[in-house]
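Student: I would like to learn how to read charged features in a structure. Could we take them one at a time?

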Amino acid sequence: MERKREKNEEGGIELEGINDERKEKVKKEDEEFSVERIFEDKEVPSWRKQLTVRAFAVSFLLSVMFCFIVMKLNLTTGIIPSLNVSAGLLGFFFVKTWTKLIAKSGMLRQPFTRQENTVIQTCVVASAGIAFSGGFGSYLFGMSEQIAQQSEHRTDGFNYKNPSLGWMIGFLFVVSFLGLFSVVPLRKIMIIDFKLTYPSGTATAHLINSFHTPEGAKLAKKQVRELGKFFSFSFLWGFFQWFFTAGEDCGFASFPTFGLKAYEYKFFFDFSATYVGVGMICPHIINVSVLVGGILSWGIMWPLIENRKGDWYSADLPPDNFGGLQGYKVFIGIAMILGDGLYNFFKVLSRTLIGLFLKLHERKANSQIPVTQHSFPSIESQSYDDQCRSQLFLKDQIPIWFAVGGYVAIAAVSTATLPHIFHHLKWYHIIVIYIFAPALAFCNAFGCGLTDWSLASTYGKLAIFTIGAWAGASHGGILAGLAACGVMMNIVSTASDLMQDFKTGYLTLASPRSMFVSQVIGTAMGCVISPCVFWIFYKAFPDIGYPTSSYPAPFATVYYNMAKLGVEGFSALPKNCLKLCYVFFAAAILINMIRDGLGKKRSWFIPLPMAMAIPFYLGSYFAIDMCVGSLILYIWQKLNKAKADAFGPAVASGLICGDGMWTLPSSILALAGVKPPICMKFISRATNNRVDKFLGS
């Protein structure tokens, strides 16, 4: 028998060859477990037919809904769970319902395919992604007057840029598309040659593939039914709560669950369906970490520092002054975030470089193996699924000249436009960012493929410090740093998102061209929808951004103070704050090292520093909501694991979506000047007696 050199299933090399019997066995196993054989009787539509009007109509409606949800999460805590399951499920449901109705009338021209489902998923996630990377809860809103006023000791002489619909839309349009063009030429290397997993993209693809099997379609219907039930409950619960919120600290959201003293230190259950749902989606360790951070800060540290009033900081300062207790809350939290971010940046970067080296070495080794005219390792070694997917993935090429030309053209427009939007950000700052951006976008996309971890916000923070320090305090370094953060975050975030979508498309036989076009259209939708949604919040709630608001936008304050720290140094920090910052910065790195040293199985009880830092500024109320959600899911899994795994994400998505959508009518009511009729407030017995006496007199 003729000897051949072929790749084995693990990617190694078999020098002795595979006999015909072994090949036949592999082929049979392949057929047994093949996904594509299930769909082999269904024609794959061309890339143009995958881009349907109904797909983009549904995408637009879902984009509006998800932008409201992400915006609410952005402006409350900044914790945003993955909404891919919801987007895929709702996209499937709406178009399937659409096609069924049209089919009954006999006018259906094109059936609903998994490729079209993937287009919807890509478009919605791209659009909703702009609500995060657009910085409405971080760098962009951090430029505003209300955030700057809280962070500055002086009352005048500081730079700020208040939100305006025009410049926000213009800014997003000139920076959000660069990331898409920066990694397009690398799609074959990332997906086929390096076979990067992109866990989120792979999970989404498996979900979409399952929807389009008979069994999966039945399960999807049941999941949509559950989602609809809890969506309705969550929406109506938000509506009911609204009636009791006529004043400050009124309503169920201010219920002192553990007593008034605990409420004073932000320990209470606020009956938020959104964060109960978030807790059901987030891993248990995230929820527990947030609660541990809340107990450490609001339960121990802040009361102790408060006792030092008059010594560590002036007793005459108002509670929200950054020269007092507020400064400790924000800067110690920033220290933990930076320590965690820096550690993970170097961890993911090192893994990326090692992974890249190994992949290149493996590729070089494979290319050196002699191949006879009768042996084709790249074809014979591939499974049936991989052959189908690779063939279709390579069929619709996106020319390199188009990607490079698009990047250069948009970069040129952006370089000319951005200095007119942000006067402190100079053209040479932007050019430097755009020179380094493709390399950083590649690193982020590659690292995301290995670890499913996007470090977009970390790259943004690096831009804050480098460009802010370069511009200097006297030349508006704070605004320049925040604007540079926005440019960098948008590039690296959209780059990793696009590569995740390419992986999803690869596994569902969706064309790379339809994926790219869908991502572009979704990004364009997001550039308009997200600023409009933010504008509704901004106009409807005048106290947005303040600690006492329903929408405190904590990361806007954090990002502004990071920029301030990078430009002005440590001189503005309260007494002993810098020492505490050093301790918590080092602690974040040490905790991460211990977690990685112990491994996944043994580190399940060690909290995550990034999650611990979030309640330092906000308090523990949302952590309690999330832990309630986590507890519900845990008990459900103990009672019926199969049902909990199948319907848990749908129930959680319903809770998040319903409460998130209630913000639209509540914003409209606020804009119209319609106020709730009742104030339900909780006061102590002594205060109640004084009120009774006052009313009696």
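Student: Which element gives the largest share of the positive patch?

Tutor: A word on the source before that: this is a predicted model, in which local features need pLDDT of at least 70 and side-chain atom pairs count only at pLDDT 80 or more, while totals for chains, interfaces and linings use all residues. Residues are numbered from 1 along each chain as its sequence is written, and side-chain values use heavy atoms, with hydrogens and water left out. A patch is made of residues with over 30% relative accessible area and no salt bridge, like charges being joined within 9 Å; Lys and Arg count as positive, Asp and Glu as negative. Here the largest share, four residues, comes from α12, and the residues that gather in the patch include Lys42, Lys218, Arg225 and Lys643. The elements that give two or more residues are α4 (84–104) and α12 (214–242), where helices are DSSP runs (H or I, at least four residues) numbered from the N terminus.

Student: How many salt bridges does a search of the whole structure find?

Tutor: In general, side chains of opposite charge can pair when their charged atoms come close. A salt bridge is a side-chain nitrogen of Lys or Arg within 4 Å of a carboxyl oxygen of Asp or Glu, and the search finds eleven of them. In one of these, the side chains of glutamate 116 and arginine 54 meet at 2.6 Å, N to O; glutamate 116 lies in helix α5 and arginine 54 in helix α3, so the pair ties together parts that are 62 residues apart in sequence.

Student: Is glutamate 116 buried or exposed?

Tutor: Buried means under 20% relative accessible area, exposed over 50%, and partly exposed in between (1.4 Å probe, protein chains only). Glutamate 116, at 0%, is therefore buried, and arginine 54, at 9%, counts as buried too.

Student: What is the phi of phenylalanine 271?

Tutor: Most residues other than glycine have a negative phi. Phenylalanine 271, however, has a positive phi near 60°, and its place is in the loop between α13 and α14.

Terms used: Patch = residues over 30% accessible without salt bridge, like charges linked within 9 Å, V, L, I, M, F, W, Y side chains within 5 Å. Areas by Shrake-Rupley, 256 points an atom, 1.4 Å probe, with all protein chains shown as cover. Charge placed at Lys NZ, Arg CZ, Asp CG, Glu CD.
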